Amino acid sequence: MPSFDSLFNAFVTILVTIDPPGLAPLFLAVTRGMNREERNQVSVRASIIAFLVMALFAIAGASILSVFGITLPAFRVAGGFLLFFIAFEMVFERRQDRKEKIGDVAITKDMIHNIAAFPLAIPLIAGPGAISATVLLSGSFPGFGAQAALVGIIAICLVITYLVFVLSERIDRILGQTGRSILTRLLGVILAALAVQFVADGIKALMAA
């Protein structure tokens, strides 16, 4: 089984890339006009779909990469740069603007039959950053027991996301614009440090190969 530090780093990485507090106002936006029961149904379905997508990449991430002839160290370097870019957007508040544009498109176009699948589950919850982080982490969790632990961590993160959706109205009122801005920047700095570690580990593995 992985060490406590590895499990904690995986938890922080996945939770930060999902960014539940940043999704709270977007959840309210895309479920505008729904009552509490309808919002609860959407949040449950979105969380389950996102979990299934991320669990698939946690279990079969390496196999999916091998189909395209991509080594895990190479993906670790590329994924680390992608996570760093996401962290950069979080620190400078560009990611929230991009997410809001996705939410606006989903609301204004009357072509979305199921907002739980799109845009909530994909790409807002299980977006490129979260999927990349999951694949990167899967390389550090070899074996059935370790992979089960990673899937468990993903489940915990999605339960937290679900709870944030359920409490989104209260969280949005409590944090306010200033609170959301401070929290997003703080999480962005943490993610940037984790991304640099991914790149460093990937380069070390490539040089050793």
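Guide: Pro-21 lies in helix H2; helices (H or I, at least four residues) and strands (E, at least two) are DSSP runs, numbered from the N terminus. This is a predicted model, in which local features need pLDDT of at least 70 and side-chain atom pairs count only at pLDDT 80 or more, while totals for chains, interfaces and linings use all residues. Residues are numbered from 1 along each chain as its sequence is written, and side-chain values use heavy atoms, with hydrogens and water left out.

Pro-21 has a relative accessibility of 21% and therefore counts as partly exposed. The scale calls a residue buried under 20% relative accessible area, exposed over 50%, and partly exposed in between (1.4 Å probe, protein chains only). Not counting residues up to four places away in sequence, Pro-21 touches Val-164, Leu-175, Arg-180 and Leu-183; contact means heavy atoms within 4.5 Å. Leu-183 is 162 residues away from Pro-21 along the chain, yet their C-alpha atoms are separated by 8.1 Å.

What does H2 meet in H9? From H2, the residues in contact are Pro-21, Ala-24, Pro-25, Phe-27 and Leu-28. From H9, they are Ser-168, Glu-169, Asp-172, Leu-175, Arg-180 and Leu-183. By class, this contact has seven nonpolar, one polar and three charged residues. Ala, Val, Leu, Ile, Met, Phe, Trp, Tyr, Cys and Pro count as nonpolar, Asp, Glu, Lys and Arg as charged, and the others, Gly among them, as polar.

Two packed helices are described by the angle between their axes and the distance between the axes. H2 covers residues 20–30 and H9 covers residues 168–208; the two pack at an angle of about 130°, with axes 9 Å apart. This angle makes H2 oblique to H9. Axes are lines fitted to C-alpha atoms, for helices over the stretch in contact, and angles run from 0 to 180 degrees between N-to-C directions. Angles under 35 degrees count as roughly parallel, over 145 as roughly antiparallel, 65 to 115 as roughly perpendicular and the rest as oblique. The crossing of H2 with H9 is left-handed; a crossing has that name if the near helix is turned anticlockwise from the far one by less than a right angle, and is right-handed if clockwise.

Arg-173 also belongs to H9. With 62% relative accessibility, Arg-173 counts as exposed. Between Arg-173 and Pro-25 there are 9.8 Å in space, C-alpha to C-alpha, and 148 residues in sequence.

H1 itself has 15 residues and reaches 21 Å from its first C-alpha to its last, close to the 21 Å expected at 1.5 Å a residue; the expected span is 1.5 Å times one less than the number of residues. Its buried residues are Ala-10, Val-12, Thr-13, Ile-14, Val-16, Thr-17 and Ile-18.

H1 (residues 4–18) packs with H7 (residues 128–138) at an angle of about 165°, and their axes are 8 Å apart. That makes H1 roughly antiparallel to H7. This crossing is left-handed. Ala-10, Thr-13, Ile-14, Thr-17 and Ile-18 of H1 are in contact with Gly-129, Ala-130, Ala-133 and Leu-137 of H7. The contact of H1 with H7 has six nonpolar, three polar and no charged residues.

The segment before H1 holds Pro-2, which is buried, with a relative accessible area of 18%. Leaving aside neighbours within four places in sequence, Pro-2 is in contact with Leu-7, Phe-141 and Ala-146. Pro-2 and Ala-149 are 8.3 Å apart, C-alpha to C-alpha, and 147 residues apart in sequence.

Ser-132 is a residue of H7 and, at 9% relative accessibility, counts as buried. Beyond four places in sequence, its contacts are Phe-75 and Leu-82. Phe-75 is one of the buried residues of H4, as are Leu-83 and Ile-86. The 20 residues of H4 (residues 72–91) should span 28 Å at 1.5 Å a residue, and the end C-alpha atoms are 28 Å apart, which agrees.

As for the whole chain, it has nine helices and zero strands. Buried residues make up 44% of its 209 residues. Among contacts between residues at least 6 apart in sequence, 87% join residues at least 24 apart.
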